[in-house]
Structures are given as C-alpha cells and as structure tokens.
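These are my notebook entries on a structure that I had not looked at before. I record what I looked up, topic by topic.

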Amino acid sequence: MTKRILATLLLLGMGAIFMDLLFGYSPDTSLNTSAEFYAQNTAADTGAANIVTAIIVTFRGLDTLGEVTVLFLTAAIVALVLHSDTVRPARAKQGWPVGELLQTGTRLLVPLITLFGAYIFINGHLTPGGGFQGGAILASAVLLMLLADPARRFGHGLISRIESVSGLFYIAIGVLGLLVAGGFLDNRILPLGEFGSILSAGAIPLIYVLVGLKVGAEFSSIMASLSESEDT
Amino acid sequence: MNNMTLIFSLLLAVAMIGTAVMAIWPARSRAIAILAAGAVSLFASIMFLLLAAPDVAMTEAAIGSGLTTFLFFFVLGRVRRNEDD
Amino acid sequence: MTVANIAMATGFILIIIGLYGAMTHRDILRMIVAFSVAATGTNLVLIAVGYLPGRTAPILDAAVPVETAATAIVDPVPQALVLTAIVIGLGVTALMLAFAYKIHATKGTLDISKLTDLKW
C-alpha cells in the first residue's frame, strides 16, 4: 500500500514539472539554425530528396553506426541467453496443426511482402522509407513463414552470414569514404547523379540497402531464437 | 480544414489515453494488456502523420505495433504453456 | 492550441501512465508492457517539439521545391533521432523479454516479490 502512495506522490511531482513545461511551450515560427542548414544544403551536398534519410545516413552517419552495433549486440545476447534451451536432438519438432488457409495464404503473401520491403529500402532516398522500415517488413515476412510451418528447422547459418556480410560492407564503405572522399561514411564516393532518380545521391542507396538487410536479418534471428527455445 | 485536424487529433488523444489506461489496469488478463499496448502504438503512428513525420509513422507502425506485439505474444505463449493457469 | 500542444500533452500523460504501471505491478510481463507505453509517449513528445504550424513533411518533391525548402518543412532533426529511438526500443524490449523467459524457466514464477535471492 505504501508503494502505491509513494508512486502516486512521485508521479504527481513529475506531473507538476510536465505541466510547467507544457504551459511554457509555444510552437516555433521559423526553423532554427541547424535545421535551416539541413534544409538548404541537402540537395546540393548529398543529392537526396528525403532530408531525414540524408541526415541519418550521411550527416549523422556515426549515430547510425552506433545503432546498428547496439542491434547486433541485442541479437547476440538474445541468442546467448536462450542458447541452452535450443540445444536439442535432431528430431523433428512436433508442430501443432496449422490451418490450410494460413499455409496457402503464406505461399501467396511472402513473396509480395519481401518485394514490398525491398522496394521500401531501395527507394529510401526518394520517398518516405529507408533501411529500418524495410528491414522490419522483411522480418515480418520471415515471421509469417515461421508461423505457417512451425516444424521447419530454420537456417541460422544463412541469416548470420547475411548479417555479418552486410555489416562488413557497411564499414568497408565508410573506410572507402575516408580514402576517396571527404571523410568517414561520406556518400560522394559514387557520383551524385540526377536529383530524383533511383541511381542518385552517391552511396546512400547502397548504404541503406546494406542497413536494411542487416536489420531484417537481426530481427529474424531474434524471433527464430525465441521460437526455437524448448517447450519445457 | 484546420478545425478538422484539431478535432481529429483531440479524438486520437482521448483514444490513446483510454487504451493506455486499459493496458495497465491490473484486473485484466495479460493478453488484453499486450493488445492495448499495440493499439497505443497504432494511434501514435496516426498522430505522427498529423505531425508531418511520415518516416517515423511508418517505423512506429511496423516496429512498435507489429513486431513488439508479436514478441510479447510469443513469450506469453511459452510462459502460459508452462504455467497452465 | 495546435496539434503539437495536444500531442505533447498526450505524450506526457502516456509517460506518467507507463511509469505508474511499471512501478506498481508485480508481474514482470505487465511491467514490460508499461515500459513500452512510456517509450511511445517519449517519442510522441520528441516529435511534437519539432513541429512548426502550417508546414509539411521534410521531403523535397513536387510539392516542396528545393529553393523554398527552408520555409516549407518542419524540423527534420527530431525525426531522425526518434527513428533511432524506436528501433533501439524494440531491441531493449526483446532483451527484457528474453530475460523474463529465462527467469520463468529457472524459478517457475514471474512475480518479482518472490525473487529474493539478492536481498539481505
């Protein structure tokens, strides 16, 4: 009971601070200096039409590298924590019977979902989208396959190879930027091209394709680890 | 037109707070709490669209409302099969 | 009173609701659900800060030509930060769930008042 009272008092205090912040806030009328820099110089410097993509991949590319590292760490720790449960004899898993609608529907939907995910991360620099969204959609296609066929053994080797190769190429492109162009993860190692077409914005499509594949592979491996842990 | 967006965002805000209260109400079953959290993510994704952020709306819908709900239900299924309550 | 004010107020209320749930529940799964709600509230507040009334999304196409971009788009920096935050939120939730599953597998319970190994 005292825990509830203490929690309520603490949250009332936080609520007072939040209300103070809320009443002192009025929306801006013009962009602040850094946003104005991004708005004016994105098209000229990077050639990308999606300003958020340009910020994530080139202007603040180091943060994205950190995020990809954190995701890799997460996938590795989940696989490690659930490892002793997945050491099982090579017998077929007794899956529960899956309905025919789900199996047929999966066969129809999985190619379409994969195509959609690939489209989103290839066009990341032109329309809203990008590597993270496309990777999540790819992982949901893998998820559908997992649900429709629970007795199938999942190819962990292929997924981990995709993940490692994508990460390695990402770093290789970054170092190439150091050697050939302005700095680490600069996108001017490839020609900037014509504004608004697919093969434009230098190395941004390439980097985002690699990020999308890596993120999709990581989410899939997290879900495969969870689904293969043993029913004790 | 501006009035319409204002009323719509007010409705969304009320719906979001209602589903959030349902997500932490202790008397409900765990499955309903997980579904309510997924619904909060969905309403937040629509509000991101109203705030002129299409990238963030897409990411929140795919990751927050899709993959997170699935992860929760996986673990809930394992735990329930062991508990048998 | 614009959309940004409403979104910010909603975000703050979601943070408070989520934290209350995380502090008073005893079941680990309900605590993780409450953390997820609080994370959604935080992202909502961040995007609401970057909103400028009457402007549109930061994508340069036929509706927003390159020359007038600085007067027609909202702030793109909070959107880039929130994108990262959402993805890492999923990673942290996955980790919490894996540990919750392990706790249940070794101790047989999900009630945190029964996990007294480290208490004096």
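**Entry 1: Chain B against chain A**

I looked up the contact between chains A and B and found 12 residues of chain B in contact with 16 residues of chain A; two residues are in contact if their C-beta atoms, placed from the backbone, lie within 7 Å. By class, the chain B side of this contact has seven nonpolar, three polar and two charged residues. For these classes, Ala, Val, Leu, Ile, Met, Phe, Trp, Tyr, Cys and Pro count as nonpolar, Asp, Glu, Lys and Arg as charged, and the others, Gly among them, as polar.

I note the basis of the entries: this is a predicted model, in which local features need pLDDT of at least 70 and side-chain atom pairs count only at pLDDT 80 or more, while totals for chains, interfaces and linings use all residues. Residues are numbered from 1 along each chain as its sequence is written, and chains are lettered from A and ligands numbered from 1 in the order in which they are written.

**Entry 2: Chain A**

The mean for chain A is 82, and 90% of its residues reach 70 or more. Where pLDDT is low, the predicted coordinates should not be read in detail.

Helices (H or I, at least four residues) and strands (E, at least two) are DSSP runs, numbered from the N terminus. I then turned to helix 3 (residues 51-59) of chain A, where nine of its nine residues are buried; among them are Ile51(A), Thr53(A) and Phe59(A). A residue is buried if 20 or more other C-beta atoms lie within 10 Å of its own, exposed if 12 or fewer, and partly exposed in between, with C-beta atoms placed from the backbone.

**Entry 3: Chain B**

I counted three helices and zero strands in chain B, in the order α-α-α from the N terminus on. Its radius of gyration is 15 Å, well over the 12 Å that the globule rule gives for 85 residues, so chain B is more spread out than a compact globule. The radius is taken over C-alpha atoms, and the globule rule is 2.2 Å times the number of residues to the power 0.38. Along its principal axes the C-alpha trace of chain B spans about 55 × 25 × 10 Å. Of its 85 residues, 48% count as buried.

I looked at two residues of chain B. Ser41(B) lies in helix 2 (residues 30-50) of chain B and counts as buried, with 25 C-beta neighbours inside 10 Å. Leaving aside residues up to four places away in sequence, Ser41(B) touches Glu60(B), Gly64(B), Ser65(B) and Thr40(C). Ala52(B) lies in the loop between helix 2 and helix 3 (54-83) of chain B. Ala52(B) has a positive phi of about 60° although it is not a glycine, and with 23 C-beta neighbours inside 10 Å it counts as buried.

**Entry 4: Chain C**

I found three helices and zero strands in chain C, again read as α-α-α along the sequence. The radius of gyration of chain C is 20 Å, well over the 14 Å that the globule rule gives for 120 residues, so chain C is more spread out than a compact globule. Its C-alpha atoms fill a box of roughly 65 × 30 × 20 Å, taken along the principal axes. Of the 120 residues, 52% count as buried.

In helix 2 of chain C, 18 of the 22 residues are buried, so this helix is largely enclosed by the rest of the structure.

**Entry 5: Chain C against chain B**

I recorded 39 residues from chain C and 41 residues from chain B in this contact. Helix 1 (3-24), helix 2 (28-49) and helix 3 (77-107) of chain C each give two or more residues to the chain C side, and helix 3 of chain C gives the largest share, twelve residues. The chain C side divides into 28 nonpolar, nine polar and two charged residues.

**Entry 6: The nonpolar core**

Which residues touch the most other members of the largest nonpolar core? Of its 119 residues, they are Ala23(B), Val40(B), Leu51(B), Ala7(C), Val33(C), Val37(C) and Ala48(C). Such a core is a set of buried Ala, Val, Leu, Ile, Met, Phe, Trp, Tyr and Cys residues joined through C-beta atoms within 7 Å. Ala23(B) touches residues of both chains, including Val40(B), Val33(C) and Val37(C), not counting residues up to four places away in sequence.

Note on methods. pLDDT is the predictor's confidence in each residue, from 0 to 100.
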